[in-house]
Amino acid sequence: MVTTTPPIRNSRRAEGASRPGDKVFLGLSRGSGITLLVIMAAIAVFLTYRAVLAISQDSTNFLTTSEWNPAGQPPAFGIAVLAFGTVVSSVIAMVIAVPVAIGIALFISHYAPRKLAKPLAYVVDLLAAVPSIIYGLWGAIFLVPYLGGLNQWLDDYMGWTYIFDKSSEGVARSLFTVGILLAIMILPIITNVTREVFLQVPKMHEEAALALGATRWEVIRMSVLPFGRSGIISASMLGLGRALGETMAVAVVLSPSFVISGHLLDPGGGTFAQNIAAKFNEANEFGRDALIASGLVLFAITLLVNGAARWIIGRRKEYSGAAA
């Protein structure tokens, strides 16, 4: 006589799925996701509608024009300078912040003694909560005057690279200064997320590497960094999102001008967020539509960056699963 054992685990799972609490939680989770999609779609529709009203009356090419004069007759405005300044300053910030953030996260999670690691992590958390206007005031009052020497040094020894060739006199209110300030601002965010990822590395992986005779750096290189690669990418994209959309700090520090220049040490340039903050109050109805059109481009860039980050993380997870 053959007897079959009932699938207890599956029956328990089905019973749990029918509980009122699970149904409520499922409904709330699903509703939250749908609400988020609706909000994003509403923002996109609003920005697109107002942007079309402005771009349809633009007498120039909106994507390639370096001028911003929506009040002119005829209106002439474009995002070439804004896109260039936003991307360049964000790239500078990422180049500076990401390696430093990874180093700080590794020091806190694997090198620093516990008595030092906890206060240091607390300080980093506090830095992430500082308002952007505070960073902007500090940058304008302290950072800009003290960057004059660094700019001169870069001009003297790195001027042959063209990008560090300072061709005009003036204070250091340039895209390079903005990039350094943005790097300082996004450093705590990237550090916090990366540190938490490093702390999640299975201890057995590290202990196994140590048992095989690996040094501490070899343990980090073979166990910690591969495990936390997806988290590092996520943290970097989170920091990049703040750098792309930073408004007040950039508006306080940057000396705006609608000129595209490859000399990063020269004063001038502009970003999407800074231009919107500087011109929104004085703009008429059509001028605000033009600013909203530039905001739509920034919105699209942010979505593309986040989408690319999700794609990279997904590919790495698939690769890791296939390798396993």
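These notebook entries record what I looked up in one predicted model.

**Entry 1: ground rules.** I noted that residues are numbered from 1 along each chain as its sequence is written. In this predicted model, local features need pLDDT of at least 70 and side-chain atom pairs count only at pLDDT 80 or more, while totals for chains, interfaces and linings use all residues, and side-chain values use heavy atoms, without hydrogens and water.

**Entry 2: the chain.** I looked up the secondary structure and found eleven helices and two strands (DSSP runs, numbered from the N terminus: helices are H or I of at least four residues, strands are E of at least two). Along the sequence, I read the pattern α-α-β-β-α-α-α-α-α-α-α-α-α. The radius of gyration is 25 Å, well over the 20 Å from the globule rule for 324 residues, so the chain is more spread out than a compact globule (the radius is taken over C-alpha atoms, and the rule is 2.2 Å times the number of residues to the power 0.38). The C-alpha trace spans about 95 × 50 × 35 Å along its principal axes.

**Entry 3: burial.** I recorded that 40% of the 324 residues are buried, which here means under 20% relative accessible area with a 1.4 Å probe, protein chains only.

**Entry 4: two spans.** I compared the end C-alpha atoms of residues 120–148, which lie 30 Å apart in a span that is 90% helix and 0% strand. For residues 174–194, I found 95% helix and 0% strand, with the end C-alpha atoms 30 Å apart.

Definitions and conventions. Buried < 20%, exposed > 50% of the residue type's maximum accessible area, 1.4 Å probe, protein only.
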